[in-house]
Amino acid sequence: MNSLYEYDYFYSGYDTLYRSHFVRWQAIAFARIDFPFKNALFVLILSVLMVPGQIFLIPQYQIIQKMGLLDTIPALFMPNLFSAFGTFLLRQFFMSLPKELEEAAIVDGCGRFRVFGQIMLPLVKPGIVALAIFTIKFA
């Protein structure tokens with residue numbers, strides 16, 4: 001990579017790809033799976049939106065340093081895998097889907113991953129595209 005633009009495209013592309021992948025799994029967990037303290041954990045995740053991002057810079061640096069990843073490519077992407085806004089956005093999309101679709105697929109013999117991949121994920125593509133646009137814009 002010879003120019004700064006190539007690094008920028010590389011970073012934006014991978015950040016968008018990884019963030020949209022991890023956020024959709026977080027969102028489906030909060031929207032459809034019942035587990036203890038789900039609402040309390042979701043409120044904790046939303047509270048991250050109320051804190052300025054600059055406060056997290058030094059702790060993230062120390063974590064990356066202790067992991068031995070300074071001056072490496074994964075150090076660029078690891079702090080951005082979690083997105084409170086993305087989790088909230090896609091959770092709302094998943095909650096807008098009727099539960100009857102999921103129940104009908106399970107009755108027809110689909111497992112959880114197949115329901116997610118072949119039924120729910122195509123219906124949430126507009127939300128994923130919106131998240132990708134926001135991620136590229138703020139990358």
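Q: Where does Ile 58 lie in this model, and is Ile 58 buried or exposed?
A: In this predicted model, Ile 58 is part of helix H3. A residue counts as exposed when its relative accessible area is over 50%, and Ile 58, at 59% relative accessibility, is therefore exposed.

Q: How many helices and strands does the protein chain have, and what pattern does it follow along the sequence?
A: The protein chain contains 8 helices and 0 strands, which, read along the sequence, gives the pattern α-α-α-α-α-α-α-α. The C-alpha trace spans about 50 × 35 × 25 Å along its principal axes.

Q: Is Val 23 buried or exposed, and which residues does Val 23 touch?
A: The cut-off for a buried residue is a relative accessible area under 20%, and Val 23 counts as buried because its relative accessibility is 0%. Val 23 sits in helix H1, which covers residues 4-32, and, leaving aside residues up to four places away in sequence, Val 23 touches Leu 81, Ser 83, Gly 86, Thr 87, Leu 90 and Leu 131. The C-alpha atoms of Val 23 and Arg 91 are separated by 9.1 Å, although the two residues are 68 apart along the chain.

Q: What share of the protein chain is buried, and what share of the contacts joins residues at least 24 apart?
A: Of the 139 residues in the protein chain, 31% are buried. Among contacts between residues at least 6 apart in sequence, 73% join residues at least 24 apart. As for the accessible surface, it comes to about 9,400 Å², with 67% of that belonging to carbon and sulfur atoms.

Q: How many aromatic pairs are there, and why is the pair of Phe 94 and Phe 116 called tilted?
A: Rings pair when their centres lie within 6.5 Å, and by this rule the count is 13 aromatic pairs. The ring centres of Phe 94 and Phe 116 are 5.9 Å apart and the planes meet at 40 degrees, so this pair is tilted. The pair links distant parts of the chain, since Phe 94 belongs to helix H5 (residues 84-96) and Phe 116 to helix H7 (residues 112-123), 22 residues apart. Both Phe 94 and Phe 116 are buried.

Q: Which residues do ring pairs link into a cluster, and what lies over the face of Phe 42?
A: The cluster linked by ring pairs consists of Phe 10, Tyr 11, Tyr 14, Tyr 18 and Phe 77. Over the face of Phe 42 lies Arg 91, at 4.1 Å from the ring centre. For charges in the protein chain as a whole, there are 11 positive and 9 negative side chains, and the centres of these two sets lie 4 Å apart.

Q: What is the phi of Phe 37, and what is the phi of Asp 71?
A: Most residues other than glycine have a negative phi. Phe 37, however, has a positive phi near 60 degrees, and Asp 71 also has a positive phi, of about 60 degrees, without being a glycine. Phe 37 is found in the loop between H1 and helix H2 (38-47), whereas Asp 71 is found in the loop between helix H3 (57-66) and helix H4 (74-77). Phe 37 counts as exposed because its relative accessibility is 69%, and Asp 71 is likewise exposed, with a relative accessible area of 83%.

How values were computed
Residues numbered from 1 in each chain as written. Predicted model: local features only at pLDDT ≥ 70, side-chain atom pairs only at ≥ 80, totals over all residues. Heavy atoms only, no water. Phe/Tyr/Trp six-rings, centres within 6.5 Å; stacked < 30°, edge-to-face > 60°. Helix = DSSP H or I, 4+ residues; strand = E, 2+ residues; numbered from the N terminus. Buried < 20%, exposed > 50% of the residue type's maximum accessible area, 1.4 Å probe, protein only. Lys NZ or Arg CZ within 6 Å of the ring centre and 35° of its normal. Contact = heavy atoms within 4.5 Å. Areas by Shrake-Rupley, 256 points an atom, 1.4 Å probe, with all protein chains shown as cover. Lys, Arg positive; Asp, Glu negative; His and termini not counted. Charge placed at Lys NZ, Arg CZ, Asp CG, Glu CD.
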